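User: Hello! I would like to learn how to read side-chain contacts in a protein model. Could you walk me through some?

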Amino acid sequence: MNTRRTVLKTLGASLLLQLVPVGARAAESARFVDVRLWPAEDYTRVTLEHDGALKYKYFLVENPMRMVVDISDMQLDKTLKNLTDRLKPDDPYVQQIRVGQFNADTVRIVFDLKAQVRPEVFTIDPVAEYKNRLVVDFYPKTPPDPLIALLKDQQQDAATPSYKDDEINRALNLAKADQTDKAPASESAKESPRKAKADADSTPQVRRLVTVAIDPGHGGEDPGAIGRAGTREKDVVLEIARMLKQEIDRTPGMRAMLTRNDDYFVPLGKRVQKARGVKADLFVSVHADGFIKPSARGSSVFVLSERGASSSAARWLADKQNASDLIGGVNIADKDNQLAKVLLDLSTTAQINDSMKLGGAVLGKLASVNQLHKAYVEQAGFAVLKAPDIPSILVETAFISNPAEEKKLNDPHQQLKIAKAIAGGVKEYFDKNPPVARSRIA
Ligand SMILES: [Zn+2]
């Protein structure tokens, strides 16, 4: 090391590169493989993927606010230079990124910041197709109050009542009218008089506003399952979840929130925390299934199992979904997340029973828009379903690994059909199990 420094002082960095044998360099220092940027309202994530161990340090500098990350034993290369192009002008936290060779063996990245941030820097070991990752997360210093954020979002929606899927809706309503003609009329005929009677009996019944947390699976670094044509689960489930939110929001007495409304990663525990933050009455996680055999098909609904998974296939699936945290990249040092995991282990039988009712209602509606994978609600040990006080289901909308279903998952008409089916199940559940009045501020 000493000799190297002497050489550096006398000869300069460019010559040093030529003096050190190529093989030796490759063995001791890592190289950047890819750099990615995931801007979102919640936090902005910068991922520096590299192919070996690296040493780093970071510090915040004020006036103007910026964060400096120094990575030793690294050379500035084309891949890292790309980072500056990845920044979008509407990034909520980062104004500008500058990269440079700080000294002979240290690369410096400077993030000029737009706001007061709480940075988190950590590494993730290689997993799935990813190599080593150095992750820089920028969180807002004071996170927004989830309930206030939900109300603001609601007001914004009310101000802009134009829906982009109006055309699709009109088309669907026509399709629905056709189906109603063919469907046996008995069910609706049986239902309506009873409902009318219930309404007449009860004196002005104030049904409180119910909140549905909708959780689009995966996101950001974690693409979820990938179809043969390249469709990523994280993209289609976000589309379906957004449509589902619209459907719920249009229903009187109901409102919905999304655990993510963009392409970024949310750890499993955080998804449940977010639902709790808005005092959600229900939690619906939206996914698309993947299997080795392309012939596997159909929609499924899962609820949490009390003891492990009800079948080995369900257990396999649960492992896969739970592995999402590893792929997406969780900061293990995040204590909130650790605490959440402890809380999550308190799931109760009552919650599972309610979840089964909800799951049954949703599965019943899904049967009219897609073939079912299993005719019953399955049980598995998904971390995302472990909210002890909130009935929770995980919907595998279809198999993205099945070429025919992958096509369907990409079709906005089909996406809306699925969203409407899930919303229909949720409505049915609340009709049969009206929520007890609960004092709430919003
Ligand atoms: Zn999934």
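User: Let's start with R133: is this residue buried or exposed?

Analyst: R133 is buried, because its relative accessible area is 1%, and the cut-off for buried is under 20%. Please keep in mind that this is a predicted model.

User: Which side chain meets R133 in a salt bridge?

Analyst: The general idea comes first. Side chains of opposite charge can pair when their charged atoms come close. In this structure, the side chain of R133 forms a salt bridge with that of E221, at 3.0 Å from N to O. R133 belongs to strand 8 (residues 132–140), while E221 sits in the loop between strand 9 (210–216) and helix 9 (233–250), so the pair ties together parts that are 88 residues apart in sequence. E221 is buried as well, with a relative accessible area of 1%.

User: Which residues join R133 and E221 in one network of salt bridges?

Analyst: Through shared partners, salt bridges join D34, R36, E49 and R86 with R133 and E221 into one network. Within it, the side chains of D34 and R86 meet at 3.6 Å, N to O. That pair links distant parts of the chain: D34 is in strand 1 (residues 32–38) and R86 in helix 5 (residues 83–86), 52 residues apart.

User: How many salt bridges does a search of the whole structure find?

Analyst: The search finds 24 salt bridges. Another example is the one between D112 and R98, whose side chains meet at 3.0 Å, N to O. D112 lies in strand 6 (residues 106–113) and R98 in strand 5 (residues 94–103), 14 residues apart. D112 counts as buried at 10% relative accessibility, whereas R98 is partly exposed at 38%.

User: Now for the rings. How many aromatic pairs are there?

Analyst: A search of the whole structure finds 4 aromatic pairs. To read one, remember that a pair of aromatic rings is described by the distance of the centres and the angle of the planes. Take Y43 and Y139: their ring centres are 4.8 Å apart and their planes stand at 15°, so this pair is stacked. Y43 is in the loop between strand 1 and strand 2 (44–50), and Y139 is in strand 8, 96 residues apart. Both of these tyrosines, Y43 and Y139, are buried.

User: How are the rings of F111 and F138 arranged?

Analyst: Here the centres of F111 and F138 are 5.1 Å apart and the planes are at 65°, so the pair is edge-to-face. Since F111 lies in strand 6 and F138 in strand 8, the contact ties together parts that are 27 residues apart in sequence. F111 and F138 are buried.

User: Which residues form an aromatic cluster?

Analyst: Y43, Y139 and Y264 form one aromatic cluster.

User: And over which ring does the charged end of R133 sit?

Analyst: Back to where we began! The charged end of R133 sits over the ring of Y130, 4.3 Å from its centre.

Terms used. Residues numbered from 1 in each chain as written. Predicted model: local features only at pLDDT ≥ 70, side-chain atom pairs only at ≥ 80, totals over all residues. Heavy atoms only, no water. Salt bridge = Lys/Arg side-chain N within 4 Å of Asp/Glu carboxyl O. Helix = DSSP H or I, 4+ residues; strand = E, 2+ residues; numbered from the N terminus. Buried < 20%, exposed > 50% of the residue type's maximum accessible area, 1.4 Å probe, protein only. Phe/Tyr/Trp six-rings, centres within 6.5 Å; stacked < 30°, edge-to-face > 60°. Lys NZ or Arg CZ within 6 Å of the ring centre and 35° of its normal.
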